[in-house]
Amino acid sequence: MPIEREVLMEVKNLRVEFKGGSKKPFVAVDDVSFKIYRGETFGLVGESGSGKTSIGRAMVRINEVAGGEILFKGQRINGLISRELDREVTQKIQMIFQDPMASLNERAKVDYIVAEGLYNTKAYQSEAERKAMVSQALLAVGLLPEFASRFPHEFSGGQRQRIGVARALVMQPEFIIADEPISSLDVSIRAQVLNLLSELQQQRSLTYMFIAHDLSVVRFITDRVAVINRGQLVELADTEELFANPLHPYTRSLLSAVPIPDPALEQAKVIIPYDPLGHDYAVHKPLWVEVTPKHFVLGNAAEIKEYRQRLA
Amino acid sequence: MEEQALFVLAERDVADAERSGYSDYSYWGSTIRVFMKNYAAVFCLGLLIVLLVFIMVQPYLPAQRDPNEIHLSQETFRQLRNVRPGAEFWFGTNSIGQDLWARIWSGTRTSLGIGIAVASWNVLIGIIVGTLWGYVRKLERVLTEVYNVLDNIPSTIIMTLIAYMLRPSISTMVIAMGVTGWVPVSRFIRTQVIIIRDREYNLASRCLGTPTGRIITRNILPYLVSVIMLRFALAIPGAIASEVFLTYIGLGLPLHIPSLGNLINEGRQLMMIPVMRYQLIFPSVVVSLITISFYVMGNAFSDAADPRNHV
Amino acid sequence: MEQPLLSVSDLYIKFSLRGRVLTAIRGASLDLYAGETLAIVGESGSGKTVLTKSFVGMLDANGWVDAGFIRFAGQDLAKYRGDGQWRTIRGKKIAMVFQDPMTALNPLRTVGLQIKETVELHTPLRGMAAKNRAIELLAQVGIAQPEQRYHQYPHEFSGGMRQRVVIAIAMSCSPQILICDEPTTALDVTIQAQILDLIRQLQAEYNLTVIYITHDLGVVANVASRVAVMYAGEIVECGQSREIFYNAQHPYTWALLSSLPQLGIKGQPLFSIQGTPPNLFAEIKGDAYAPRNPYALEIDFVKRPPCFQVSPTHYARTWLLDERAPRIDPPEAIKHLRAKFVEGAACR
């Protein structure tokens with residue numbers, strides 16, 4: 001038996017709503033539960049509007065939680081929490097944003113952008129120490145320390161995204177949520193940023209949650225993947241297991257649509273359409289079931305039975 | 001062929017490519033550079049500086065008269081009324097024999113002073129209230145209600161009422177225009193704040209635990225510099241116009257404090273007599289120059305302060 | 001050899017930005033043949049959008065064609081000035097579809113009216129006839145219940161549906177060439193595949209020539225019969241789709257293919273291109289890609305490489321193809337590309 005791994009982050013029955021005026025609130029995330037183990041890269045995959053970003057933002061406490069709990073090392077971090085815990089969570093959980101053109105403060109120098117978290121936590125003794133920490137963070141992401149005196153618009157997209165990574169790193173985080181960190185970058189730059197993230201993970205034993213819609217990237221970088229559709233998780237498994245044995249029809253559809261950069265294969269590919277009305281949930285409500293060890297899927301009794309048969 | 005020698009693999013550090021192509025940049029430096037390229041605006045700025053310096057030193061120049069002194073004829077000892085512009089009185093005299101040249105520059109001093117004071121106050125309070133209103137969600141309800149109440153009272157009525165209740169003086173004018181003048185500014189700032197408050201870079205700052213005060217001063221306000229400057233530049237002539245209006249309805253400054261408002265008002269009364277029109281034209285020209293200059297300059301500066309226009 | 005439908009030769013396009021001149025296109029040459037699907041691949045700033053915008057006279061006001069020709073239907077489009085001239089081409093013979101459908105649609109008018117308007121502008125149809133044509137177009141781009149949808153506003157459509165509407169507008173005047181600028185980048189993969197299918201279908205029906213601008217090699221593999229790779233304002237390699245994917249010659253194309261995450265091995269770093277693209281304000285000497293190219297020759301820093309013909313349909317701009325150059329094999333990673341994808345796909 002493998003040793004029980006430490007759960008770093010746990011999301012229990014999470015619900016996120018957005019209120020639009022007097023109308024009924026829009027439910028972005030509905031009853032989502034998963035665990036993230038220390039040291040792994042957990043992928044969260046879904047199409048636009050699926051609620052994947054809302055989950056990430058709830059975990060860094062930008063979005064309010066309408067129901068359920070978010071636990072960090074077993075402690076609840078949503079809602080009202082003590083000042084010490086708030087401080088710890090602010091420091092230990094960091095986020096990398098999607099669009100490096102929008103996520104850096106254009107009117108501040110790189111020095112301030114990278115050091116912003118340090119100012120907030122007063123994690124340094126002297127100005128010299130702060131500067132040294134900024135230089136270190138810049139070097140760690142492959143930028144030169146002299147870039148500190150420049151403004152973001154002087155950098156290319158890839159460099160800006162690395163500044164965003166440096167800003168998170170300087171806090172000495174344990175858990176980083178990367179929300180589509182490479183989807184707005186050019187192909188030639190994506191690899192740089194992906195490599196940087198993996199390298200940092202090894203050096204600093206970081207845990208990642210990688211939010212993405214591009215399955216080829218997800219397959220390369222994640223250890224486990226959860227697939228989300230319309231605010232609900234539909235499947236969760238080890239990455240290779242999920243790609244080898246997708247069970248939920250939505251997952252199968254999504255996998256069938258992944259573009260393959262090869263003319264012969266891409267033109268021969270057959271897309272499996274997904275019909276959300278294909279489920280018969282009128283009588284038997286779907287449940288979140290562990291079909292085989294570590295492979296979870298959403299389905300009612302009949303579907304689960306079929307999935308088990310398919311795996312057997 | 002010597003080119004042959006070049007067909008060997010180059011030994012160069014690929015990391016050099018990272019270093020290339022960037023220049024030193026400073027926000028204010030670029031802003032000023034872009035502004036300076038707009039010749040109309042630079043001309044207006046020059047004009048305003050000259051005007052400002054001139055009205056400061058004018059009383060100390062030789063052969064200047066007191067703006068309130070009533071000039072009497074040496075022979076008849078009667079007031080030199082409505083003397084037309086000439087060598088003696090450059091801009092002529094008014095209907096009780098005061099020197100218009102002296103009165104116009106003294107009036108410009110007063111009016112510009114009022115304009116700058118009112119504009120600074122309105123923009124300052126507008127920024128403070130507007131950012132809190134736009135950014136701090138807890139205050140949103142309260143401030144919206146306060147705004148609704150204040151906005152529904154016509155500001156001219158408040159202004160007139162205050163100017164009517166208090167003794168006419170410069171400070172009365174400033175108070176009358178400042179008591180509600182900030183309300184539209186704060187609304188404007190609030191709208192601007194709402195537009196940028198949920199941008200990703202602000203979410204990033206919130207993730208890092210940056211306190212609201214610093215988000216406002218470091219993330220929000222720097223983005224609003226250009227619109228605030230434009231608003232400020234337009235508020236100065238706006239305040240001068242209000243002063244003219246208050247004077248017109250008879251609540252302006254007393255005649256012994258010349259201002260562009262009461263000069264125009266006096267000139268207006270003589271408007272129908274062609275030979276006396278100079279009494280309206282001179283102060284009007286000054287007001288127009290000030291208004292146009294601030295407008296042109298404000299727009300140019302607001303463009304220049306937008307980093308999208310920097311190269 | 002077949003006559004090209006549109007032919008670009010040695011095109012230079014410049015922009016003036018606050019007194020400085022930026023060279024966006026540096027001597028690009030490209031032929032487009034009737035009925036084909038050409039994909040233009042490149043990263044942001046490579047000039048792929050600028051190049052195609054010059055075919056329809058949609059360069060920003062501060063940009064101009066500095067040298068070169070764009071031959072189309074017996075005319076040189078590079079000499080066209082003013083909207084009057086361009087109106088005979090733009091929308092009529094060459095239509096464009098952009099990445100974000102919302103920028104092409106007026107949010108305050110129903111989609112039906114917007115299509116009807118373009119129909120009336122470009123065809124003799126008027127009134128009811130134009131309306132019927134608009135409904136027909138909506139049906140053709142795969143919008144169900146076109147009569148009802150005709151009266152709806154753009155915000156009532158999903159992203160994929162909006163892109164269909166934009167395509168319907170582009171098709172309203174039966175153009176010869178359809179330029180699609182990243183038409184599916186903003187869409188989800190499943191929707192993306194549908195839109196690509198739709199364009200393919202229309203292409204067959206109308207004998208359209210399609211230019212795709214994209215940075216996604218998956219899209220390229222899906223749609224392209226020919227591929228042009230752009231870097232820093234020039235076309236560095238151009239050939240049939242198979243030739244680019246299986247027999248690439250330019251080190252930049254190698255690098256693009258090598259950095260595909262599908263080729264990555266878990267736990268090992270992905271291949272990545274070092275450095276950043278060149279500054280287009282500066283004069284570029286030699287090969288623009290040289291500073292980032294691990295296979296750069298000394299001559300790359302001195303002299304701009306000419307086009308070397310690899311096959312009648314395939315050419316590349318790299319000194320590596322010169323007979324005096326040392327023999328350099330393409331990187332191991334991109335050899336037997338298909339086998340590697342099959343391996344990956346087999347797991348599914």
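Into which domains is chain A divided? Chain A consists of domain 1 (7-245) and domain 2 (247-312), with bounds that come from an automatic or database domain assignment. This is a predicted model, in which local features need pLDDT of at least 70 and side-chain atom pairs count only at pLDDT 80 or more, whereas totals for chains, interfaces and linings use all residues. Residues are numbered from 1 along each chain as its sequence is written, while chains are lettered from A and ligands numbered from 1 in the order in which they are written.

Taken over C-alpha atoms, the centres of domain 1 of chain A and domain 2 of chain A are separated by 28 Å. Their contact takes 16 residues from domain 1 of chain A and 14 residues from domain 2 of chain A, where two residues are in contact if their C-beta atoms, placed from the backbone, lie within 7 Å. On the side of domain 1 of chain A that touches domain 2 of chain A, the elements giving two or more residues are α7 (215-221), β9 (224-229), β10 (232-238) and α8 (239-244) of chain A; helices (H or I, at least four residues) and strands (E, at least two) are DSSP runs, numbered from the N terminus. The most comes from β10(A), with seven residues. By class, this side of domain 1 of chain A has eight nonpolar, five polar and three charged residues, with Ala, Val, Leu, Ile, Met, Phe, Trp, Tyr, Cys and Pro counted as nonpolar, Asp, Glu, Lys and Arg as charged, and the others, Gly among them, as polar.

Six of the six residues of β9(A) are buried, a residue being buried if 20 or more other C-beta atoms, placed from the backbone, lie within 10 Å of its own. Both faces are covered, with Arg224(A), Ala226(A) and Ile228(A) buried on one side and Val225(A), Val227(A) and Asn229(A) buried on the other. Strand β3 (residues 41-45) of chain A pairs with β9(A) in the parallel sense over four bridges, where two strands pair if DSSP finds at least two bridges between them; Val227(A) is the bridge partner of Val45(A). The pairing of β9(A) with β10(A) is antiparallel and runs over six bridges, and here Ile228(A) has Leu233(A) as its bridge partner. The hairpin of β9(A) and β10(A) has two residues between the strands, and in it Arg230(A) takes a positive phi near 50°.

Next comes the nonpolar core, a set of buried Ala, Val, Leu, Ile, Met, Phe, Trp, Tyr and Cys residues joined through C-beta atoms within 7 Å. Of the 204 residues in the largest such core, Val114(A), Ala166(A), Tyr212(C) and Val229(C) touch the most other members. Helix α7 (residues 159-171) of chain C gives the most to this core, with eight residues. Because domain 1 (7-245) and domain 2 (247-312) of chain A both give residues to this core, it lies between them.

Finally, there is the contact between two chains, in which 36 residues of chain A are in contact with 38 residues of chain C. On the side of chain A that touches chain C, α6(A) gives the most, with eight residues, and by class this side has 18 nonpolar, twelve polar and six charged residues.

Technical notes: A residue is buried if 20 or more other C-beta atoms lie within 10 Å of its own, exposed if 12 or fewer, and partly exposed in between; C-beta atoms are placed from the backbone.
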